[in-house]
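Please keep the sequence and the model in view while reading.

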Amino acid sequence: MSWYYIQGILIQSCYTLMVVLGLSVLTGYTGLFSFGHAGFVCIGAYISVICTMGFGLPYGVALLIAGLTAMIIGALLGRITLKLKGDYFCIATLGVGEAVRLIFNNVRIDTVINGRKFVLDGAKGISNVPLKTSFGVALAIVVVTVTATAFLLNSKHGRNMLAIREDELAAQMAGIDTFRYKMLAMCMSTLYAGIAGGMLAHYIGYLQPNMFQMVKSTEYTIMVIFGGMGSITGSVLGTVLLCALPELLRAIGDWRLVFYGLAVIIIMIVRPKGLMGGKELRVDLFFQWLAGLFKGKRKGAA
Amino acid sequence: MGVEYYLQQLINGICLGGMYALMSVGYSLVYSIMNFSNFAHGGVIMVGAYVGFYALTSLGLPFGMAFIVCGFGSGLLAVIIERLVYNPLRRRHAPSLYFIISAMGASIFLENFVVATIGPTPRNYPTIFANSVVKIGNLAIGLDSLLMIVVSAVSLLILMFIIQKTKIGLAIRACSYNEKASTLMGINGDLIIFIIFLMGGVLAGFAGMLYGMRYIVKPTIGAVTNKSFVAAVFGGLGSLPGAIVGSLLLGVMEIFVASWKSNLRDLFVYALLIIVLIVRPSGLMGKVTEDKA
């Protein structure tokens, strides 16, 4: 395996991790489930490409605009649907995700902006997107995002969100504005998804609405579950493992997704909390655990 | 375009709606008792279409027999899924979130299992009615459309009869109001869940076969089953008459939108879903439940 190949997998893991991280906050901290985040990735991807190829904006600005657009649409959706409970929220996101893809399937743009030719042709999508997502850039964005998320979740706001997941009614009684925190989680997750979309578009080099089918949303959700809902390190582990696994298992080809499905069912039965079980992998805790191990041994010896 | 054109489209719409109804009652039945959207149902429908295909081609069964085999096969599959996937969760009283995720997992499993074993290439059913039509005045109704309408109507009527008039139906209705209380009254909850999965599965098999006859069999007919799920939400999740009315309305509307602009038909369905969820999440006939958080 060449470094180029590994780099490809790592970049893919990076932008997937962005989506998974956002979803992990949404699901793990508020108990809301989305089956439409591929739609927000789609919005981010198209907006960012329109920004760079159409208006000639720099890559960073395009990513920011992509993220913010996805976030605004996510916030609008949240405003309408966050009042719905469990299943209905999940169905609404499913509908929006599919609707976004179908809208882009029917949009045709063929114009010249500032002397640049820009073609967006429905199901054929956009080709020749400049390749700007290098490994360094992707890693930097992910590190910043992970750090910001970790800080937020360790703050008062993070604890409030946790309270909502554990018992919404009790959290409300304790004076937590549950709607506001659900909205915050929704905005965060869609912002991340939008940025991820921009990164994806400028890595793969072309865009087609078919890249953002519902299966993709489900795959993101599976990664969240696999890693453990609401655990940042769990998300990182889950994403990198599940992104690398299909590459390692190229030989089994079509059977890959069969095992995916089976794995989800088994995880739900055996270990519904996922790999990390909502806990974080932390350096200090690791040392504590080591110390405990040694103490235990000494006691055993004495 | 005269009246005939619209009548013809209306018949096409009822055809499609009838097929949606066969699929959506499966979603609704499960939701009414277990309170989750059983996304594995789409996979059951797809497998049903394949069972019908092989019953007709490899086994060379006559059409009527193939239909029965098809219903039996998917009914069995639905029950097996319930036993293996949902039963362990039910024993643990897991939150409905876990059920949805497991259902998604099962649907991914079924779809890709078929892709891996049979292959992704679409297959055509052998011709059963060689384009024969029944003429009523100026209207021409294909025999296959007629069959679709008759099969859907008869099976839905039988289902409604079971639910409304028999003792088992009474038990199912009781469970959908309050499962705990009904089990305390001596209703066997496991048996009821077995029966609803069996009934949903059999109808899913019929729907799969009708779909395969009219269109094509392929592993990714999820787009269609998703639309039937939208129909169930439109009519009101958990309400059987709602699912049937919602399906018929959706089928007719979809056909009319398609005859106006064919590439907008899918978008229309999902737009309708979003509008329904915003305006009236309980759907046309769903009971408005007080949220207990």
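How do the residues of the lining of the largest cavity divide into nonpolar, polar and charged? They comprise seven nonpolar, five polar and no charged residues. Here Ala, Val, Leu, Ile, Met, Phe, Trp, Tyr, Cys and Pro count as nonpolar, Asp, Glu, Lys and Arg as charged, and the others, Gly among them, as polar.

This is a predicted model, in which local features need pLDDT of at least 70 and side-chain atom pairs count only at pLDDT 80 or more, while totals for chains, interfaces and linings use all residues. Residues are numbered from 1 along each chain as its sequence is written, chains are lettered from A and ligands numbered from 1 in the order in which they are written, and side-chain values use heavy atoms, with hydrogens and water left out.

**The cavity**

A cavity is a set of points, on a 1 Å grid over the protein atoms alone, where a 1.4 Å probe fits but cannot get out; lining residues have an atom within 4 Å of a point. The volume is the space filled by probe spheres set on the points, which are joined across faces, edges and corners. The structure holds one cavity of 30 Å³ or more. The largest cavity has a volume of about 60 Å³, and its lining includes Asn38(B), His41(B), Ile81(B) and Phe197(B). Two or more lining residues come from each of α1 (3–34), α2 (40–57), α3 (63–91) and α8 (189–214) of chain B. The most is given by α8(B), with four residues. Such helices are DSSP runs (H or I, at least four residues), numbered from the N terminus.

**Salt bridges**

A salt bridge is a side-chain nitrogen of Lys or Arg within 4 Å of a carboxyl oxygen of Asp or Glu. Over all chains, the structure holds nine salt bridges. The table presents some of them.

| Asp190(B) | Arg90(B) | 3.0 Å |

Asp190(B) forms its salt bridge with Arg90(B). Because Asp190(B) lies in helix α8 of chain B and Arg90(B) in helix α3 of chain B, this pair ties together parts that are 100 residues apart in sequence. Asp190(B) is partly exposed at 29% relative accessible area, whereas Arg90(B) is buried at 16%. Buried means under 20% relative accessible area, exposed over 50%, and partly exposed in between (1.4 Å probe, protein chains only).

Glu254(B) is buried, with a relative accessible area of 0%, while Arg265(B) is partly exposed at 25%.

**A buried serine in chain A**

Ser217(A) is part of helix α9 (residues 214–227) of chain A and counts as buried at 2% relative accessibility. Which residues does Ser217(A) contact, leaving aside its neighbours within four places in sequence? They are Phe35(A), Gly36(A), His37(A) and Ala38(A), where contact means heavy atoms within 4.5 Å. The side chain of Ser217(A) reaches the backbone oxygen of Phe35(A) at 3.4 Å. A polar atom of that side chain also lies 3.0 Å from the backbone nitrogen of Ala38(A).

Notes. Polar contact = N/O pair within 3.5 Å; in protein donor to acceptor, adjacent residues only side chain to side chain. 1 Å grid on protein atoms, 1.4 Å probe; cavity = no way out; pocket = protein on both sides within 12 Å on 5 of 7 lines; lining within 4 Å.
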